[in-house]
Number of protein chains: 2
Amino acid sequence: MSEKREGEIELNVDPGTLAPEAGLVFIGRVRSPWIDRAECPKNMAAAREMARPASIEIEQPYRQGLGGLETVSHLVVLTWLDKAARNLIVQKPRHAAAPRGTFALRSPVRPNPVGVHIVRLTGLDVSTGVLDLEAIDVLDGTPIIDVKPYYASTDSIPDAITGKSAR
Amino acid sequence: MSEKREGEIELNVDPGTLAPEAGLVFIGRVRSPWIDRAECPKNMAAAREMARPASIEIEQPYRQGLGGLETVSHLVVLTWLDKAARNLIVQKPRHAAAPRGTFALRSPVRPNPVGVHIVRLTGLDVSTGVLDLEAIDVLDGTPIIDVKPYYASTDSIPDAITGKSAR
């Protein structure tokens, strides 16, 4: 799925071909303006700048689980990045000077391609299962595996550091 | 696995019994002081207060993926909360006044029991696959499914709100 660039290292075994140690169910899908990988923002900062609203549709059996999110301003959304390869353990992002380990990157390509997105919730309809979002950085149709309330007390570290080379 | 409390609602089908739509591999394990659920801190704020260090051991094939984390102060760690039930869609936490939807809670009990933990990285040995952590709020032996760098620019929302009733 991905072209290999200089310095990139593949795992000997593609995790996508291993017997799963745990199984996920898809509880809903993202509805976003991004149909094409080329135009899809690469991170939440870029998505917020582009200011194109998006939404999440939760499937019927799981909608009761949304009750209580009315008072929450931001969500932690977990997606399954189903278009991403799983077999690169060292990667060279297009704009990076040097290759780096997959776990030092936010690339969708990773052994378990789970996306973590901190998003602002702008509307909620528990009966239809629709959560309106300020913006999101994934393709239309991306499966949702979890939604959690974002707590500034535990999740916000404004002075966290990622040396320049870490980007 | 969990005792049902008043007002709690079960899904008709336990997601743990459904055919998985995606499969996870375990890339490592948490080493924490918490052997017993009763003593395990319930969230990262409590874990930080208790100030008991912990670590993550990444399995050999995935260790190359840690290169580059040297410059990162905080991580987003994703765990598979393998002791948690998956079938409750409305829950009543012990100290909450009323039941609320699972997606409005950070309870480990959820359709896909993936934990999101923002932790401070205090040491890193790529060759042995050991990441030293300031603290973590999960049991010893909990499987790791992903590690990502925490970016204040996209992940930190200091003024996020969760009305009092959302706790």
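## A strand pair across the two chains

In this predicted model, Leu24(A) has Ala22(B) as its bridge partner in β2(B). That pairing belongs to a set of three bridges that join β2(A) to strand β2 of chain B, residues 22–24, with the two strands running antiparallel.

## How the two copies are related

Chain A is superposed on chain B by a rotation of 180° with 0.0 Å of shift along its axis, and the RMSD of that superposition is 0.0 Å. The two copies are therefore related as by a two-fold rotation axis. The same surface serves both copies, since 100% of the contact residues of chain A recur in chain B.

## Extent of the interface

The size of an interface is often given as the accessible area lost when the parts come together. Between chain A and chain B the buried area is about 6,400 Å², and carbon and sulfur atoms give 57% of it. On the side of chain A, the residues that lose the most area to chain B are Phe103(A), Arg106(A) and Tyr151(A), which together account for 12% of what that side buries.

Counted by residues, 69 of chain A are in contact with 69 of chain B.

## Polar links and make-up of the contact side

Arg106(A), one of the residues that lose the most area to chain B, also takes part in a salt bridge, in which its side chain meets that of Asp155(B) at 2.8 Å, N to O. The count of salt bridges between chain A and chain B is four, and 39 residue pairs are in polar contact between these chains, with both residues at pLDDT 80 or more.

Several elements of chain A each supply at least two residues of the side that touches chain B, among them the helices α1 (44–50) and α2 (152–155) and the strands β2 (22–24), β5 (74–80) and β8 (114–125). Strand β10(A) gives the most to this side, with five residues. By class, the side of chain A that touches chain B has 40 nonpolar, 19 polar and 10 charged residues.

## Strand pairing within chain A

Strand β10(A), which gives the most to the side touching chain B, is also paired inside its own chain, where two bridges join β3(A) to β10 (residues 143–149) in an antiparallel arrangement. Within this pair, Gly28(A) has Ile144(A) as its bridge partner in β10(A).

Strand β3 of chain A (residues 28–31) is joined by four bridges to strand β4 of chain A (residues 54–58), and these strands likewise run antiparallel. In that pairing, Val30(A) has Ile56(A) as its bridge partner in β4(A).

How values were computed. Residues numbered from 1 in each chain as written. Chains lettered and ligands numbered in written order. Predicted model: local features only at pLDDT ≥ 70, side-chain atom pairs only at ≥ 80, totals over all residues. Heavy atoms only, no water. Pairing = 2+ DSSP bridges. Contact = heavy atoms within 4.5 Å. Buried area = accessible area lost by both parts, 1.4 Å probe. Polar contact = N/O pair within 3.5 Å; in protein donor to acceptor, adjacent residues only side chain to side chain. Nonpolar A, V, L, I, M, F, W, Y, C, P; charged D, E, K, R; others polar. Least-squares fit on C-alpha atoms with pLDDT ≥ 70 in both.
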